[in-house]
Amino acid sequence: MIVSPRQRSMRVGQYSLLCLYMLFLAFPLLWMLSVSFKGPQELVQLHPHVFPSQPTFGNYTDALEHNGLLHAAWNSFKVSSITAILAVFVAVPAAYVLARQQGLISKAGMGWILLSQMFPLILIIMPLFLVLKDLHAINTHIGLIATYLVWTLPFSLWMLQSYVRGIPPQLEEAAMVDGAGRLTILRTIIAPLLGPGIVVVALFVFVQCWNEFFFALVLLDSPNLQTLSLLLARFVGIEGIVRLGPLAASALLATIPSLLIFAFIQRFLTRGLLAGAVKG
Amino acid sequence: MKKLLRAAVAVALCAALGAASAQARPSTHKGVVNLTLATYVWQPTTVAAMNGIVNSWNKTHPSIQVSIVPVDVNSVHDKLLTSFVGGSSADIVHDEAADIPSFTQAGYLANMNSLIPASLKAEIPKTLWNTVNFGRKYGITGVPIMTQTYNVFANMDLLKSAGIKAPTSTNPWTWAQFRAAAKKLTSNGNFGVCWGLKSPTATIQTLGLNWGAQWNYLQKGKWNLVVGAPEQKILTTMHDMIYSDQSVDPAGVGLSGSAVLPEFFAGKCAMTVQGNYQAQGMITQSPKGFNWAMFPVLKGDTENQAADPQTLSIATQSQHKAEAMQFIAYALNNSNMAKLSAGDWLIPASADAAKLVVKSTNHYGSWRNAISAVPDLVKANWEALVPYAQWKAQIATPAFRSYLSNQLSLQDLITQLVNGWNQIRG
């Protein structure tokens, strides 16, 4: 294939722009990486440099040894992964029903799901707190998981039901002809076909819970139960004073699990997003 | 996919077991009183001091065990309010004098009048007790721990080279002297003062007390906001320093106190006005050999500043108020109070604790200057008013910021402040 000089220069321009855009996107992460290796004096330089002049692991030591980062990360992982799995188990059959049943209840259910997304958190936190208190679930991970589950379910349902609609009903009809019931169809036909959608939903729920701050702030007291978002907030003090070095080191370490999970299930995610985008 | 799902379920089950076993409260043994202490200490030094105090108490008092509930320093009010309303408050709560009036009036904080030991009462000056005393109906609902002032920090090398003599606690700078020094130090693109005024309300109001500005006055049974001559004095002084003298860097109006430190450390400005706790930042962040000092509080007609001490209170919900008070008295004995204050560079409420801090520090001069402010701390009227917090956040802070950015005239500022107050107070 012959490439003209004009096309070649166009291609070079495109790649240059792409590189600049990627640098723009990655810059906050690079800056965080740079800050995490800087000592306290270097952090308040008037003209900061990207490369630390005297790199130090002090911020990482501080984050890991003195601030319980690993324990908080384990708490976050535990809460986020359990919520993600429970959300999938609840959302798959519910989404199947919502997508396939066209009655009034189904429509009202979808309306309620949309409506429930419109309540600000601050409005529900006090009643939620009282309910959980009556259930002795305040200051427990079980209470937090239940809250996250309820909080993430509407969007999960909304997403999954659009995936279910993308599956041709003829597949189910064929199975019914062969004598399969609804549960068998859900387990053997719908669930496997929903794989990419399930991954997307699980990932969405996991990331939401991993980053969530407000519910954890209100519902958890004990230092042993605190999640990463609570721990990171403790690096920010009064009147804008921030322990920037340890915060950057902790935040960087905190992003690693999300990055790994994304890397691991990226292919499912791409397939899932495409599957959700086009209705069959 | 199936493998992935199975693995995920296995992880979930393991984690569920862990979650189920993670219980909030320590187990209660027979005859042992378990107390919780909700505290927002956040500087590593103060966290270590608080942990040390609690650990030593627990070792020496096996029948009363205390556990710490950490609270995010920027969400203290919300966290406490939720736990009070939900009936799950900690027994002992760490807050500040300006934040406890609403909790007191709602009945969430216990009257500590009869619980406070006489020795503790005698150690803390009356001016600080006044900030936590809500009269006959509610009594004293907090014990002051430590307080802060706003001070001038200076780059001593720049002052020396300009031939400016540093003030002393017996001979503090007046505002006129401060302005003159700031003007003299402004040259070649450098400013005399860097002043982070992103959240200016507390600074403006407390420094206004130098001229007796109380902002809120009881008139015909109502707390009104009045921006009279004393209040206008601090406003016009700050505004003039920025725009007439041009000795204060206008860029600082949009920055937090700590955000102007790079300029200060780089010698781009010779002085900065900060909360005295910023001394800790000077120690940990200033470049090697940087010669800094914290000056005594500035003097207008007086050196008065608002006393807004951090406090320890007992929740009304607590079933063990006497035991909670025992712990508070222990945590705030002179030695422990000195440890807490030294960590945060805040001024201890007790004069004897202050002496201990001065004895134990390398920054003798600055600490002595910090502590010299205690007799000039007064209770400000606004601290006890319930609508104050809302007015401060919604009206005062944006209006003061607009005025200091030269986007609002003094008259318009006064109108906004007064109308806003009337609207919120109702």
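A salt bridge here is a side-chain nitrogen of Lys or Arg within 4 Å of a carboxyl oxygen of Asp or Glu. Keep that rule at hand for the whole tour.

This is a predicted model, in which local features need pLDDT of at least 70, side-chain atom pairs count only at pLDDT 80 or more, and totals for chains, interfaces and linings use all residues. Residues are numbered from 1 along each chain as its sequence is written, chains are lettered from A and ligands numbered from 1 in the order in which they are written, and side-chain values use heavy atoms, with hydrogens and water left out.

**Stop 1: a salt bridge within chain B**

Select Arg179(B) and Asp245(B). Their side chains form a salt bridge at 2.9 Å, N to O. Arg179(B) sits in helix 9 (residues 175-184) of chain B, and Asp245(B) in the loop between helix 11 (229-243) and helix 12, so the pair links parts of the chain 66 residues apart. Helices (H or I, at least four residues) and strands (E, at least two) are DSSP runs, numbered from the N terminus. Now colour by accessibility: buried means under 20% relative accessible area, exposed over 50%, partly exposed in between (1.4 Å probe, protein chains only). Asp245(B) is buried at 16%. Arg179(B) is partly exposed at 23%.

**Stop 2: helix 16 of chain B**

Go to residues 351-359, which make up helix 16 of chain B. Asp352(B) and Lys355(B) both lie there, three residues apart, about one turn of the helix. Their side chains meet in a salt bridge of 3.8 Å, N to O. Asp352(B) is partly exposed at 36%, while Lys355(B) is exposed at 55%.

**Stop 3: a network in chain A**

Select Arg100(A), Glu172(A) and Arg182(A), which are linked in a network of salt bridges. In the Arg182(A)–Glu172(A) pair, the closest N and O atoms are 3.5 Å apart. Arg182(A) belongs to helix 9 (residues 182-193) of chain A and Glu172(A) to helix 8 (residues 169-177), 10 residues apart. Which of the two is buried? Glu172(A) is, at 3%; Arg182(A) is partly exposed at 40%. Over all chains, the structure has six salt bridges.

**Stop 4: the interface**

Show both chains. In contact (heavy atoms within 4.5 Å) are 47 residues of chain B and 45 residues of chain A. The two chains bury about 4,000 Å² between them, 68% of it on carbon and sulfur atoms. Buried area is the accessible area (1.4 Å probe) lost on putting two parts together, summed over both. Highlight Trp42(B), Lys79(B) and Thr82(B): they supply 16% of the area that chain B buries against chain A, more than any other three residues.

How many salt bridges cross this interface? The rule finds one. It joins Lys79(B) to Asp221(A) at 2.8 Å, N to O. Next, select helix 1 (2-21) of chain B. Helix 1 gives the most to the side of chain B that touches chain A, with 10 residues.

**Stop 5: the cores**

A nonpolar core is a set of buried Ala, Val, Leu, Ile, Met, Phe, Trp, Tyr and Cys residues joined through side-chain atoms within 4.5 Å. The largest has 82 residues, and Leu37(B), Val143(B), Phe327(B), Ile328(B) and Leu332(B) have the most contacts inside it. Centre on Leu332(B). Beyond its neighbours within four places in sequence, its contacts include Leu120(B), Val143(B), Ile145(B) and Leu340(B).
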